[in-house]
Amino acid sequence: MLHSLVNSIDPYTMQILVNIGIGIILALGLNIITGLTGQLSLGHAAFMSVGAFAGALLTIKTGMPFYLTILLSGLITAVVAAAIGWPILRLTGDYLAICTLGFAEIVKVVFLNLEVTNKALGLTVPTPDTSISMPVIVLIVVILVIIFSAFIEKSRFGRALKAIRDDEIAAESMGINIARYKVQSFAVSAFMAGIGGCLYAHFLGYINPSDFGFLKSIDMLSMIVLGGLGSIPGAVFGASLLSAAPEFLRFMSQYRMLVYGALLVFLMVFRPNGMMGGIDFSALVKKKLGIKKRGAARNQEGH
Amino acid sequence: MFLQQLINGIALGSTYALIALGYTMVYGIITLINFAHGEIFMVGAFVGLLMVGYFKMNLFLAMACSMIFCMIMGVLIEFIAYRPLRKSSRLSALISAIGVSIFLSSLAMMVFGANAKGFPDSAFESTQLHIGNADVSTLQLLIIGVSAVLMIALEYIVQWTKIGKAMRATSEDYNTAALMGINVNYVISFTFALGSALAAAGGVLVGVLFNSVSFNMGLMAGLKAFAAAVLGGIGSIPGAMLGGLLLGVAEVFGVAIGYSSYRDAIAFAILVLVLLVRPTGLLGKKIQKKV
């Protein structure tokens, strides 16, 4: 049934939908480290890049099953992130931000010079041989990632991350091992970015290190800030809006990026906390269903 | 050879330093990473090109026009895109800055086209001088000289004038400065004007040096200048000068010993290494944690 539904959508719309899906995966990944833990990362495209190239190379060199490739490229990215994060997460605030940016540029330049990534020519990725079509896989992964994010947010781990975001010193004095949690959240965040990158590589069929530059990192950051930092519905909304916006603005052809830039400024000026910032969705749903929430109903999410 | 590369490096580095100063001053006052700053540098280069190519001005006059234009633009950008967000989270202001940056670079692409433009040869008649065994063009000396004069002027304004004192007070403590009767909004506008003027001068100089002005030149130059500002310790004016020079020299030497394909990574590799040893940059103040 799902297949006939997929086939009934025209390829152009499908392309936009898959882009939105991949955008959601990336945005939710970045949301873990920037939204939940409060550590600004300006280099998340690098992790997407690592995931994309890991996935592409696994498919080309080993030809292992696609589902395993997705998982493995996520894991490889997470390991890379942990190795990078361990030394640099000691830095705070903007020093960390510029360091992630620096690492992203280094990763890009290194990939542009490596033999295995085919240097500046980029890699052509074969279409994976799977029984389920690509858009459906993306949809399934999106759903899994949303569930995973919601789970993390409500878990003990997520509460520790939020404590670090709100006040590092207070969190530390409550016995939270800040360094460890930061590296873990960085790795989880990169895991999702790696999966997003792997899907991107296989859906597009061609990747080039220059695709994962600073602007890609900024894209992801705009998604979560625009949607509302630290909010899962916000990240989903922001990713959908910004992934689709260039397509909807296509009729303006050459004015497209001009309008996009102005749009970012105006949305921020009029909704500084993001479109969905400051709205607690689970409380809203519970209220509609008539379930009383324990304690204050005021939300603590957006800030 | 060494002297030659050193002079090349200092010329490149002083343009980085000019841009980095704008980042560091704005950051020092409102702790905003002004991502549109690289684009102001690009606009400065285009205005300079227009003045030289179209109005046939001499290079120094063109640079002055470009600086005035960018001053006004910087103040306007702050007024439209940053001032309404001053009380909200810093990330919102950051995204707004990125919006401005995308807007400006696409505007430049529409107006001037996607191809790189060069300054006419008559813009500056460069001759080669021989100092020891190094060939130095008068253009490089011009760049180093103009940058030095501008930085000394900046140092004078910040250290010896009343508005400079107000700037330092505001960057020390925004609220207290406001309570002491300093017109904080005016100080912030002034800071943006100063920073943008320096970036515009840097843009014209880089445009003449590489003989190429394009709509996307702001991105990499901006990122590297930002790296330079952080390397020196963000918020510190001498730090930005030092950081810019260091990165410029390092980049030129890196290319000279055969890492030209890694050119853009050199600056960032140095940045990351320095931050690991000194987490607040070379001349940065240690941030006090308050409980």
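The model is a predicted one, and the average pLDDT of chain A is 87, with 93% of its residues scoring at least 70. Chain A contains 13 helices and two strands, and its radius of gyration of 19 Å agrees with the value near 19 Å that a compact globule of 303 residues would have.

**Overall form and confidence of chain A**

- Taken along the principal axes, the box filled by the C-alpha atoms of chain A is roughly 55 × 45 × 40 Å, and buried residues account for 49% of the 303 residues in the chain.
- Of the contacts in chain A between residues at least 6 apart in sequence, 78% join residues that are at least 24 apart.

**Helix packing around H3(A)**

- Helix H3 (residues 44–62) of chain A packs against helix H4 (residues 66–88) of chain A at an angle of about 135°, the two axes lying 8 Å apart; that angle makes H3(A) oblique to H4(A), and the crossing of H3(A) and H4(A) is right-handed.
- On the H3(A) side, the residues making this contact include Phe47(A), Val50(A), Gly51(A) and Leu58(A), while those on the H4(A) side include Ile70(A), Leu72(A), Gly74(A), Ile76(A) and Val80(A).
- H3(A) also packs against helix H9 (residues 178–204) of chain A, here at an angle of about 55° and with the axes 6 Å apart; H3(A) and H9(A) are therefore oblique to each other, and their crossing is right-handed.
- Among the residues of H3(A) that meet H9(A) are His44(A), Phe47(A), Met48(A), Val50(A) and Gly51(A), and the residues they meet in H9(A) include Ala193(A), Gly194(A), Gly196(A), Gly197(A), Cys198(A) and Tyr200(A).
- Phe47(A), Val50(A), Gly51(A), Ala54(A) and Gly55(A) of H3(A) take part both in the contact with H4(A) and in the contact with H9(A).

**Contact between chains A and B**

- The contact takes 36 residues from chain A and 38 residues from chain B.
- On the side of chain A that touches chain B, the elements giving two or more residues are helix H5 (93–113), helix H10 (214–227) and helix H12 (256–270), and H5(A) provides the largest share of that side with 11 residues.

- Ile232(A) has its place in helix H11 (residues 232–248) of chain A, and Ile232(A) is buried, since 27 other C-beta atoms lie within 10 Å.
- Leaving aside residues up to four places away in sequence, Ile232(A) touches Leu28(A), Ile146(A), Ser149(A), Ala150(A) and Glu153(A).
- Ile232(A) and Glu153(A) are 79 residues apart in sequence, yet 9.0 Å apart in space from C-alpha to C-alpha.

**Positive phi values in loops**

- Most residues other than glycine have a negative phi.
- Lys119(A), a residue other than glycine, has a positive phi near 50°; Lys119(A) is found in the loop between H5 and strand S1 (123–124) of chain A, and is partly exposed, with 14 other C-beta atoms within 10 Å.
- In chain B, Thr31(B) likewise has a positive phi, near 40°; Thr31(B) is placed in the loop between helix H1 (2–30) and helix H2 (37–53) of that chain, and is partly exposed, with 15 other C-beta atoms within 10 Å.

Terms used
Residues numbered from 1 in each chain as written. Chains lettered and ligands numbered in written order. Predicted model: local features only at pLDDT ≥ 70, side-chain atom pairs only at ≥ 80, totals over all residues. pLDDT = per-residue confidence, 0-100. Helix = DSSP H or I, 4+ residues; strand = E, 2+ residues; numbered from the N terminus. Rg over C-alpha atoms; globule rule 2.2 N^0.38 Å. Buried ≥ 20, exposed ≤ 12 C-beta atoms within 10 Å, placed from the backbone. Contact = placed C-beta atoms within 7 Å. Axes fitted to C-alpha atoms, helices over the stretch in contact; angles between N-to-C directions. Parallel < 35°, antiparallel > 145°, perpendicular 65-115°, else oblique. Left-handed = near helix turned anticlockwise from the far one by under 90°.
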